[in-house]
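Here is a short report on charge pairs, strand pairing and nonpolar packing. Please keep the structure open while reading.

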Amino acid sequence: MAAAQQSPPATGGNEVFDINVSGTIYRVHKFTSSGDFKVFRNLTCQYLIIGGGGGGGKGNGTCAGGGGAGGYRCSVPGESSGGGSSAESTVALTAQTYSVVVGSGGAGGGGVDLSFGGKAGVAGGNSSFAGIVSLGGGPGWTYANAPDGYGSGGGSSNGINNGGDGTTGQGYGGGGDNSGDWAGGGGGGAGGAGGNTSGSGAGASGGNGGAGVTSSIDGTPTARGGGGGGSDWQSTGTAGTATAGGGAGGQGPSGNASNATENTGGGGGGSSQNRIAGNGGSGIVIIRYVL
């Protein structure tokens, strides 16, 4: 008589695989798009939840800031959450189905109209699992203070304007144009604030995107949650760079900004002189438990 087939502890995710961490076997469920996590018995899970990154702003008669990274929340012992916070507690799950939401990246230059024909980026979408929410990244902005209330704040530009604040435990604030330079600040990242502009006038340089955070929850150390770079106005300056999935800023007067990498929660790069702004990267949810 054949032995009864044992049910798995849980199902769901775009990828499911096992890893060995110092002799302990974990099963990993990686969600790169929204779906259900169906649990068949009590489980204690570790998680990484990253919101979608904000889109970079689009300058016309102005430069624009980079988009902020999506909120970054992690419960892997010894790792970090965003904004310089330590890892959160693990989550205890019971036998039921949990909805997993993976936030989308915000469109570059697809938001509200701003001064001088500029366009804000679109904020990233929230990611969530088991009541834990990582906020989407803030939009890149221009010619005004960037809004607060996002995972990491977007950058701003032109005329003593500040980037948006990040959210405690999720990410850092965006950079600004605090000296009246013709350039955009970098979007905030999970691991560091977006850079302010530098230089002066037409030769000013955009701020770099804020740093991301590295996690090995899926067995491979990967940096995610970087902010988008801010744009500059003329080729005598330089556009802001980005890491950990963020998009680089556009080099004025003819360069387009870069899109962020999908499933990193990176912010999109800001653009100037009516060039194309970068889209934010979608978020990700990764869950693991001991077999």
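## Salt bridges

Lys 119 is partly exposed, at 26% relative accessibility. Here buried means under 20% relative accessible area, exposed over 50%, and partly exposed in between, with a 1.4 Å probe and protein chains only. The model is predicted: local features need pLDDT of at least 70, side-chain atom pairs count only at pLDDT 80 or more, and totals for chains, interfaces and linings use all residues. Residues are numbered from 1 along each chain as its sequence is written, and side-chain values use heavy atoms, with hydrogens and water left out.

Lys 119 forms a salt bridge with Asp 113, their closest N and O atoms 3.1 Å apart. A salt bridge puts a side-chain nitrogen of Lys or Arg within 4 Å of a carboxyl oxygen of Asp or Glu. Asp 113 is exposed, at 61%. Across the whole structure, the search finds five salt bridges. Arg 27 and Asp 18 form one, with closest N and O atoms 2.8 Å apart. Asp 18 is partly exposed, at 40%.

Arg 224 and Asp 218 meet through their side chains in a salt bridge of 3.5 Å, N to O. Arg 224 is buried, with a relative accessible area of 4%. Asp 218 is buried too, at 8%.

## The open sheet

Five strands make an open, antiparallel sheet, ordered S1-S4-S8-S9-S10. Strands are DSSP runs of E, at least two residues long, numbered from the N terminus. Two strands pair if DSSP finds at least two bridges between them.

S1 pairs with S4 (residues 35-39) over two bridges, in the antiparallel sense. Ala 10 stands opposite Val 39 in S4.

## Nonpolar cores

A nonpolar core is a set of buried Ala, Val, Leu, Ile, Met, Phe, Trp, Tyr and Cys residues joined through side-chain atoms within 4.5 Å. The largest has 18 residues; Phe 37, Leu 93, Phe 129, Val 285 and Ile 287 touch the most other members. S4, S5 (43-50), S7 (91-93), S8 (97-101) and S13 (284-290) each supply at least two residues. S5 gives the largest share, four residues. A second, separate core has 13 residues, including Ile 19, Val 28, Ala 190 and Ile 217.

What does Phe 129 contact, leaving aside its neighbours within four places in sequence? Its partners include Phe 37, Ile 49, Tyr 98 and Val 285. Contact means heavy atoms within 4.5 Å.
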